[in-house]
Amino acid sequence: MRGPSYRRRVTTSDAPHPDAGALLRARVVRADRGALHVVPDDDLGADAVRAELPRDGLLPLPDGTRVPATVGDVVDVRPGDPAHVTALHARRTAVVRDSAGRTSLEQVVAANVDVVLVVEHLDPDPDLGRVERLLTLAWRSGARPVVVLTKADLVPDPDGMAAEVAQVAIGVDVHAVSVVDGTGLDPVRALLAPGVALVAVGPSGAGKSSLVNALAGRDVMATGGRRADGRGRHTTTHRELVPLAGGAVLVDTPGVRGVGLVAAPDALDTTFADVTDLAARCRFADCAHVAEPGCAVREAVESGELPERRLASWRKLAREAAYAARRSDARLAAEERARWRRVMRDRHRQVRHQAP
Ligand SMILES: Nc1nc2c(ncn2[C@@H]2O[C@H](COP(=O)(O)OP(=O)(O)OP(=O)(O)O)[C@@H](O)[C@H]2O)c(=O)[nH]1
Ligand SMILES: [Zn+2]
């Protein structure tokens, strides 16, 4: 995908623009392999332009380290045809994706996010453990978390439920909202100010897209699992920094969407303590909770004690965690083999040297 270049934007015909050579402060709306798509940092709703990355794809931070740019980053761009990105500004905040294994580095999935909307539905009942986990992620990013409880129109006492959630969200504003009747949206809208970047995290079906569309005042995201086209999820396909109302923007990338869902086993056991407890009562230690006799988990589902949805959600996360653990194990095993190869090679060398 190619956007207009800065040259076409800032120059007319072949006369050199007076600002040619001056660096422009820009915000990354999409990071591709060889290039970034950027908008002026003081006009985040502007059309995106394409700017080339250095050959290694990395950019220098003020401290000299070279890192990949990500959505939301503030960069210096040298206009031209093509325009070039020259440097990365220090990140005010960073949403990081938990490393899959002990040896892999954290991945920054969004930079300079100001507000993390922790979106959770009121119907079915909110999952307090998930709210806590996402709040932890938000605090860690440096951004301000705000809890938004959706689908207030579907429950009799949304304010009472919000008060319960507020008990596990210390120091955080909790809003019960409905996009159907407009309940509670004004205080969330008040967060939208020029230059403010938000992310919405929360489980599938929580109503993130519906909420974002209500905040944007137009459909910027497909809702109800519908996709605007065969390829992408949002109706604006080319940018991952989506303009909302009031000059604010929403970061929406696959990385951010998945963030918090790369489950660390410990977090999983905490969030799903009920399933973990039930599983401990299954007859077989390696029970898969499908059709095994004496499965306490299936029994709990059949008796109504454990919602099927919660079991399905646990399965999904457990699969992710198992996958991450396998990948991490494979990486560790490969490193261990490499270490042994070095040890054996050194030993052979020593033996040869000692040989008469
Ligand atoms: N009654 C009611 N339904 C809502 C509300 N907000 C969202 N929904 C419905 O909930 C379903 C899921 O909403 P989405 O906005 O697609 O949820 P999402 O969090 O973006 O889901 P994913 O795209 O899977 O991450 C849709 O069928 C919406 O119409 C609300 O305030 N009230
Ligand atoms: Zn079982």
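Visitor: Which residues does UniProt list for "binding site"?

Guide: The unreviewed UniProt entry lists Cys282, Cys287, His289 and Cys295. Positions follow the numbering used here, feature names are shortened, and annotations may be inferred rather than shown by experiment. This is a predicted model: local features need pLDDT of at least 70, side-chain atom pairs count only at pLDDT 80 or more, and totals for chains, interfaces and linings use all residues. Residues are numbered from 1 along each chain as its sequence is written, while chains are lettered from A and ligands numbered from 1 in the order in which they are written.

Visitor: Why is His289 called buried?

Guide: Count the neighbours. A residue is buried if 20 or more other C-beta atoms, placed from the backbone, lie within 10 Å of its own, exposed if 12 or fewer, and partly exposed in between. His289 has 21, so His289 is buried.

Visitor: What makes Cys287 partly exposed?

Guide: Cys287 has 19 C-beta neighbours inside 10 Å, so Cys287 counts as partly exposed. Cys287 lies in the loop between α8 (273–279) and α9 (296–303). His289 is in the loop between α8 and α9 too. Helices (H or I, at least four residues) and strands (E, at least two) are DSSP runs, numbered from the N terminus.

Visitor: Which residues are in contact with Cys287, leaving aside its neighbours within four places in sequence?

Guide: Contact means C-beta atoms, placed from the backbone, within 7 Å. With those neighbours left aside, Cys287 is in contact with Ala279, Cys282, Glu292 and Cys295. On the same terms, His289 is in contact with Ala279, Cys282, Cys295, Val297 and Arg298.

Visitor: Why is helix α5 described as largely enclosed?

Guide: Of its 9 residues (208–216), 8 are buried, so the rest of the structure largely encloses α5. Among the buried ones are Leu211, Val212 and Leu215. The buried residues of α5 pack against β10 (115–121), β11 (144–150), α4 (185–189), β13 (197–201) and β15 (249–251). Gly217 follows α5, with a positive phi near 80 degrees.

Visitor: How do you know that the span of helix α2 agrees with what it should be?

Guide: The expected span is 1.5 Å times one less than the number of residues. Helix α2 has 14 residues (128–141) and should span 20 Å; its end C-alpha atoms are 20 Å apart, so the two agree. Just after α2, Gly142 has a positive phi of about 95 degrees.

Visitor: What makes β1 and β2 a pair?

Guide: Two strands pair if DSSP finds at least two bridges between them. Strands β1 (residues 24–31) and β2 (residues 35–40) run antiparallel and are joined by 5 bridges.

How values were computed
Contact = placed C-beta atoms within 7 Å.
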